[in-house]
Amino acid sequence: MENTLVTGCAGFIGFHLSKRLLDEGRPLVGLDNLNPYYDVNVKKARLAQLQGRPGFRFLEMDLADRQGMTRLFEETSFPVVVNLAAQAGVRYSLTCPEAYIDSNLVGFGNVLEGCRRQGVKHLVYASSSSVYGGNTRMPFSTRDGVDHPLSLYAATKRANELMAHVYSHLFGLPTTGLRFFTVYGPWGRPDMALFLFTQAILEDRPIDVFNHGNMRRDFTYIDDIVEGVARVMEKIPQSNPDSDNSEPDRGCAPFRVYNIGNNCPVELITFIGTLERKLGKKARLNLLPMQPGDVPATCADVDDLARDTGFQPSTSVEEGIGRFVSWYRQYYGV
């Protein structure tokens, strides 16, 4: 079997996807730059579970390394590329915009060029629910306009979709973008709310709750996300010469964009209450106004993904938080 390339393999979603592919006996090259945006020890601990497994090869490299990326695609054939590497985080983009330009724009351009030159059969890449920005109509649909991003992170993810469409249109490169909705679960990112809340509650510190708790998020468990990504990898978009290009998520080119979420938004206060029960400990709430770049609510319309791939999220927030807490206590010994 030929190698799959998974970028961001030491990241949250990339690690879980890589583990899934290796469990299925699929060889892969995992790429990650192990940047210090959050605790590198977590990334290294994820990576340690992949290294040494049959079929896995790791490269420590930055997507923005044009020469390195060119050499990678020249030396190794990839029928499928899954690009999950990116500078993550909405709030960090307010203080360190250059990291998003380098990784999410320059880096993604290098991925597209490598795929084009090699004739990759399918590029699957991470977009984000943040592209919906100031949209207020729920649930968010891939047929909605997404021209009002509220953060640079969101703008770079929307730019990725536009860049992918150009490569699909000009070069016939099949591309599929996935707009992830608030992914959580074991081995999650330490900068995300569930991780921060759990740590603070166990350490008897108050937790920061923005918009005074009046937030709703389409929390999506990691196993459901990985199942959706795996299904999309096998669903190569086809050209459709009869399309009038009037729909933003598809058209004449072999290009698709899907939402991938739970389709069941939860109030942040309810989410915190579930975490309190699983921890057996009450939280101290520090209620704060909305932060710049945040949105009050998200909800994914996943009908297209369900129709085209059979994707159906199945993990409740109650079950998902319970699994996260069990992992957290075991990993940190608390």
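Predicted model: local features only at pLDDT ≥ 70, side-chain atom pairs only at ≥ 80, totals over all residues.
Residues are numbered from 1 along each chain as its sequence is written, and side-chain values use heavy atoms, without hydrogens and water.

Helices (H or I, at least four residues) and strands (E, at least two) are DSSP runs numbered from the N terminus. Helix 3 spans residues 66-75, and its buried residues (under 20% relative accessible area, 1.4 Å probe, protein chains only; exposed is over 50% and partly exposed in between) are Gly-68, Met-69, Leu-72 and Phe-73. These residues lie on the same side of helix 3 because they cover an arc of only 130 degrees around the axis, the arc being that of the directions from the helix axis to the C-beta atoms. Arg-66, Gln-67, Glu-74 and Glu-75 are exposed on the other side of helix 3. The cover over the buried residues of helix 3 includes strand 1 (4-7), strand 2 (28-32), strand 3 (56-60), strand 4 (80-83) and helix 4 (97-118), where contact means heavy atoms within 4.5 Å.

Two packed helices are described by the angle between their axes and the distance between the axes. Axes are lines fitted to C-alpha atoms, for helices over the stretch in contact, and angles run from 0 to 180 degrees between N-to-C directions. Helix 3 packs against helix 4 at an angle of about 25 degrees, with the axes 9 Å apart. Helix 3 is therefore roughly parallel to helix 4; this term applies to angles under 35 degrees, with roughly antiparallel over 145, roughly perpendicular from 65 to 115 and oblique for the rest. The crossing of these two helices is right-handed, meaning that the near helix is turned clockwise from the far one by less than a right angle, and left-handed would be anticlockwise. In this contact, Arg-66, Met-69 and Phe-73 of helix 3 meet Val-106, Asn-110, Val-111, Gly-114, Cys-115 and Gln-118 of helix 4. The contact residues comprise 5 nonpolar, 3 polar and 1 charged, with Ala, Val, Leu, Ile, Met, Phe, Trp, Tyr, Cys and Pro taken as nonpolar, Asp, Glu, Lys and Arg as charged, and the others, Gly among them, as polar.

Val-106, in helix 4, is partly exposed, with a relative accessible area of 32%. Apart from neighbours within four places in sequence, Val-106 is in contact with Ala-64, Arg-66 and Ile-101. Val-106 and Leu-94 are 12 residues apart in sequence, with their C-alpha atoms 19 Å apart.

Helix 4 also packs against helix 5 (152-171). Their axes come within 10 Å and cross at roughly 15 degrees, so helix 4 is roughly parallel to helix 5. This crossing is likewise right-handed. Residues of helix 4 in the contact include Tyr-100, Leu-105, Phe-108 and Leu-112, and those of helix 5 include Tyr-153, Ala-159, Met-163 and Tyr-167. The contact consists of 13 nonpolar, 4 polar and 2 charged residues.

Leu-123 of strand 5 is buried, at 0% relative accessibility. Beyond residues up to four places away in sequence, its contacts include Val-81, Phe-108, Val-111, Leu-112, Cys-115 and Leu-173. Leu-173 is 50 residues from Leu-123 in sequence, and the C-alpha atoms of the two are 7.6 Å apart.

The axes of helix 8 (residues 268-279) and helix 10 (residues 317-332) come within 9 Å and cross at roughly 50 degrees, which means that helix 8 is oblique to helix 10. Helix 8 passes helix 10 in a right-handed crossing. Phe-271, Thr-274, Leu-275, Arg-277, Lys-278 and Leu-279 in helix 8 meet Val-317, Glu-318, Ile-321, Gly-322, Val-325 and Arg-329 in helix 10. This contact has 6 nonpolar, 2 polar and 4 charged residues.

Backbone geometry was examined in several loops. The peptide bond from Met-138 to Pro-139 is cis, with omega near -10 degrees, and Pro-139 lies in the loop between strand 5 (122-128) and helix 5. Asn-211, between strand 8 (207-209) and strand 9 (216-217), has a positive phi near 55 degrees and is buried, with a relative accessible area of 18%. Asn-245 lies in the loop between helix 7 (222-233) and strand 11 (255-260). Its phi is also positive, near 60 degrees, and Asn-245 is partly exposed at 45% relative accessible area.
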